[in-house]
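Dear colleague,

I am passing on a structure that I have been reading, and I would be grateful if you looked through it beside these notes. The sequence and the model come next, and after them I set out what was found.

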Amino acid sequence: IKRFFPTFAGFLLWWNSEYLRSEDYEQNRTPSGDVFDSPAEHVIKALGHLAKLEMPENQVIFAKEFIEMNYERYPGQKWFPYYLSLYMNRTGEQEKALELLIPIAREKSSEFWAWQHVADCFGSGNEKRLACLCRAVRCHVKEEVFLINVRISLAEELLAAGQKEVAKHHLALVKALREKNGWPIKDRLEELINQSWFGEAEAASGEELIKDYARKADQILLEDLPRYEAVIGSPPFQIGKKNHTFSAVDYLNENNELKSTLANHHKFDLIRDLSVGDPLEIMVDDSGEKPMVIAVNQREGEKFDILPLMVGMVSHVNLDKSLSMVKLEDGNKAIMFHNEVPDSDKLIESTFVHCKIAQDRDRLKVRSFELTSDVGDSDYWKSFTGNFRAKDQGNGGHVDSLFIPGHLAAEISDGDFVRGMSVLRSGD
């Protein structure tokens with residue numbers, strides 16, 4: 001079969017995808033709730049893995065049309081728009097390809113291949129193409145060989161922009177790398193280094209030039225994104241298989257709603273240099289399932305300045321789990337993790353605090369606190385004064401109709417004048 005159909009796309013075109021049944025587009029669900037890809041999803045994945053390979057034009061068009069017709073059936077498959085964008089670049093639909101690529105490039109902005117594919121959305125001689133290729137070569141890679149094709153494309157754009165010296169620098173790097181690995185000098189690389197300009201130009205790294213263009217590439221991802229006031233919400237922590245370091249970031253969106261998301265330290269050097277509570281300005285892409293930070297800048301302001309200040313009472317302390325619960329003046333409860341909020345492990349139950357509150361996913365969290373005696377009454381607690389009446393039997397007693405339990409009344413005698421604070425019990 002491989003002799004007749006060197007690619008899966010060729011076989012599928014011959015076989016005719018219309019033979020896929022309606023049930024072939026349905027995901028398989030087990031009684032336990034597990035979900036497995038449908039045959040159609042496997043087809044899209046197979047076509048996607050061929051998107052960068054050489055194939056006849058009719059197969060490219062067929063693969064593009066099949067993915068385009070079906071990818072929106074599966075919103076959970078985040079790479080399907082990426083596959084479609086690769087084919088659209090090959091069929092000359094660069095604007096549509098760019099629209100599909102932007103969300104992926106925002107998420108993978110530290111990966112060279114993301115910028116390489118965004119560059120392909122712009123024609124040769126376009127400054128945005130040059131900017132994206134400059135951004136690509138500034139990405140960290142495990143091995144320099146990954147950047148061979150990027151550097152050749154970059155050299156072509158630099159040459160078109162009149163930057164012969166910098167173009168020669170990148171071609172020389174590729175030439176040296178291929179020679180080191182015993183690979184032949186051929187195709188476009190051979191053509192370029194055999195041109196007269198290559199022998200005449202003096203190689204220069206053009207580091208500042210590359211940096212300037214790379215910054216312009218970042219702006220492509222920021223177009224149409226809103227700017228929000230934000231603060232660093234938590235100390236750094238590590239999650240995921242790669243143990244990447246993140247900090248929570250609290251921000252006010254366009255509706256003045258308090259939201260929280262995560263910022264990756266690997267992507268944003270500024271986050272690493274700041275402290276919890278420091279003010280920021282961020283740009284967020286919230287078109288996906290989770291809001292994603294795209295840009296971070298420092299701004300003037302006070303620590304936690306966008307977070308509401310509320311009075312709360314420590315209602316529960318669990319040292320084993322390193323957390324406390326705080327009853328807020330509006331009746332809500334907020335959690336306070338001892339590893340996130342300095343000195344929170346020293347608080348005891350019934351302590352009143354002024355605290356800064358953030359909405360972190362589906363729960364309220366205390367970001368900072370200060371002890372306070374300036375409480376005031378609320379619907380959930382009130383101050384009281386009066387003479388203590390001890391119980392005839394047992395511990396404790398009353399001030400008017402308010403009961404004071406024995407552990408609080410241990411040092412109070414019958415008839416003593418007392419002042420205190422009462423809290424509404426849950427369910428009262």
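This is a predicted model: local features need pLDDT of at least 70, side-chain atom pairs count only at pLDDT 80 or more; totals for chains, interfaces and linings use all residues.

Residues are numbered from 1 along each chain as its sequence is written, and side-chain values use heavy atoms, with hydrogens and water left out.

Helices here are DSSP runs of H or I with at least four residues, strands are runs of E with at least two, and both are numbered from the N terminus. Helix α5 covers residues 94-107 and helix α6 covers residues 112-119, and the two pack at an angle of about 160 degrees with their axes 10 Å apart. The axes are lines fitted to C-alpha atoms, for helices over the stretch in contact, and angles run from 0 to 180 degrees between N-to-C directions. The two helices α5 and α6 are therefore roughly antiparallel to each other, a label for angles over 145 degrees, with under 35 counting as roughly parallel, 65 to 115 as roughly perpendicular and the rest as oblique. On the α5 side the contact is made by L98, L101, I104 and A105, and on the α6 side by W113, A114, H117 and V118, where contact means heavy atoms within 4.5 Å.

Two residues inside helices come next. K64 is found in helix α3, residues 57-70, and K64 counts as buried because its relative accessibility is 9%; buried means under 20% relative accessible area, exposed means over 50%, and partly exposed lies in between, with a 1.4 Å probe and protein chains only. Leaving aside residues up to four places away in sequence, K64 touches L84, Y87, M88, T91 and E93. L189, in helix α10 (residues 187-193), is also buried, with a relative accessible area of 2%.

β12 and strand β13 (residues 363-371) pair in the antiparallel sense over 8 bridges, and two strands are said to pair if DSSP finds at least two bridges between them. These two strands form a hairpin with 2 residues between them, and R361 in the turn has a positive phi of about 60 degrees. Elsewhere, 3 strands form an open sheet in the order β15-β16-β17, with antiparallel pairing. Because β15 (389-390) and β17 (402-404) stand at the edges with a single partner strand each, one side of each is left without a neighbour in the sheet.

Finally, there are two loop residues to check. Most residues other than glycine have a negative phi. S322, in the loop between β9 (309-318) and β10 (323-328), has a positive phi near 55 degrees, and D343, in the loop between β11 (333-337) and β12 (352-360), has a positive phi near 70 degrees.
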